[in-house]
Amino acid sequence: MALLSNKNKEVLTSPLSRNNPVIVQMLGVCSALAVTSKLEPSIVMGLSVTAVMAFANVIISLLRNTIPNRIRIIVQLVVVAALVTIVSEVLKAFAYDVNKQLSVFVGLIITNCILMGRLEAFALGNGPWESFLDGIGNGLGYGIILVIVGFFRELFGSGTLLGIQVVPQAFYDLGYVNNGLMILPPMALIVVAAIIWVHRSRNKELLEEN
Amino acid sequence: MNRDSNVYTIIYASVMVLLVAVVLAFTSQSLRSFQKQNEDNDKRQQILRSIHVDVKADAAEAQYNELIKEAFLVNAQGQKVEGDAFAADPVKSFAENLYPVFVANVDGQTKYIMALYGAGLWGPLWGYLSLDDDRNTVYGADFSHAGETPGLGAEITTKSFSAPFAGKKLFMNNEYKSIAVVKPGKSAAGQDYVDGISGGTITSQGVDQMIYNSLKGYVPFLTSNNQ
């Protein structure tokens with residue numbers, strides 16, 4: 001079996017665009033709104049979810065023939081909760097400031113519907129390698145949207161990127177003002193909506209008929 | 001093996017929980033020293049911010065050791081007692097009537113830094129307040145919180161909230177009055193005051209109470225002239 005057969009490539013890449021968990025399946029929008037006021041936490045959050053999702057998918061996939069059917073959701077939750085706790089501890093040890101900014105949202109990865117969705121829909125029925133790719137794909141699909149939203153919100157809201165000033169002082173001298181609204185949650189929703197608009201107009205097959 | 005039998009389910013769940021517990025305990029133990037260091041540096045940064053020194057986390061320890069000349073606990077009578085002021089958790093030490101004091105030397109002048117602890121709207125508040133060597137005039141202040149509302153109560157961590165504390169006086173006519181945090185536009189009779197946060201009323205009141213209650217314990221130390 002080729003490690004990256006066509007089917008596996010599809011598993012890895014389709015969540016990045018045509019099957020994106022956030023802008024097509026509308027999962028995980030809550031945390032996408034909450035942590036994206038700056039670019040750095042968006043990146044860390046995207047990576048954290050990717051790591052948790054990949055490993056949870058692999059573990060559940062390895063266990064899939066042993067898990068008692070009646071407690072399978074509980075088993076999934078325990079695995080996810082354990083991984084999230086580990087990620088949270090690692091962030092506390094090596095990325096303390098980012099961890100403070102993300103605060104409760106690291107813990108809330110447990111409730112991210114993308115995770116349970118992928119475990120139920122994919123890992124329970126597929127082998128570990130495919131599940132790993134599926135987890136990476138969906139995690140990155142989620143992370144990409146977070147990074148795009150975080151990029152625009154930090155750029156227009158604070159005039160910085162990753163904390164470095166990018167809007168030149170000359171602009172401010174000419175009367176340019178940072179848009180404080182970009183920092184607030186409603187603008188995250190609007191930026192996500194704008195991404196969906198652009199995405200759908202480029203992928204006509206995703207348009208719903210009405 | 002029947003995967004739907006009760007015995008299998010119970011054993012499966014028990015083994016899983018035990019395994020997870022072991023893994024988590026191991027992770028927590030092995031990362032503990034790194035986390036402790038981060039927390040300590042965070043605390044040093046907070047203490048330094050109260051004397052207007054803003055440093056990155058990795059430089060905090062060196063800067064702290066350079067500026068903070070002395071750290072000790074004082075008791076309810078204002079006398080120095082043995083103890084590690086830096087490691088002291090204000091919640092516990094206040095309950096035992098022990099109050100951490102950090103003595104800093106800024107450009108040749110002595111500043112006294114005191115710990116604050118109180119409650120906000122959603123959780124604990126804490127901070128540090130520094131005084132000039134008259135032990136009355138505020139030199140600087142820094143506030144932190146566990147979970148106040150972003151954009152409202154959480155604004156107490158900003159400089160625009162803490163900066164106006166500088167120059168305010170704790171004592172009026174040798175009587176302890178504390179510093180009031182009032183609604184913007186209002187004033188407080190007979191004591192110095194600063195503006196609270198619009199929309200963060202309960203957090204602002206929490207800061208007001210925190211300063212009053214925390215510093216009350218320091219009064220004997222502040223009014224005593226002996227070192």
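1. The radius of gyration here is taken over C-alpha atoms, and the globule rule is 2.2 Å times the number of residues to the power 0.38. For the 210 residues of chain A, a compact globule would come out near 17 Å, and chain A has 19 Å, which agrees. Its C-alpha trace spans about 65 × 45 × 35 Å along the principal axes.

2. Before going on: this is a predicted model, where local features need pLDDT of at least 70 and side-chain atom pairs count only at pLDDT 80 or more, while totals for chains, interfaces and linings use all residues. Residues are numbered from 1 along each chain as its sequence is written, with chains lettered from A and ligands numbered from 1 in the order in which they are written.

3. Chain A has 10 helices and two strands (DSSP runs: H or I of at least four residues for helices, E of at least two for strands, numbered from the N terminus). From the N terminus, the order is α-α-α-α-α-α-α-α-β-β-α-α.

4. Now for where the chains meet. Chain B puts 18 residues into the contact and chain A 16 residues (in contact means C-beta atoms, placed from the backbone, within 7 Å). On chain B's side, helix 1 (residues 6-49) gives the largest share, 15 residues.

5. Within chain B, helix 1 packs on helix 2 (residues 57-67) at an angle of about 55 degrees, with the axes 8 Å apart (axes are lines fitted to C-alpha atoms, for helices over the stretch in contact, and angles run from 0 to 180 degrees between N-to-C directions). Among the residues making this contact are B:Asn41 and B:Leu48 of helix 1 and B:Ala57 and B:Leu67 of helix 2.

Definitions and conventions:
Two residues are in contact if their C-beta atoms, placed from the backbone, lie within 7 Å.
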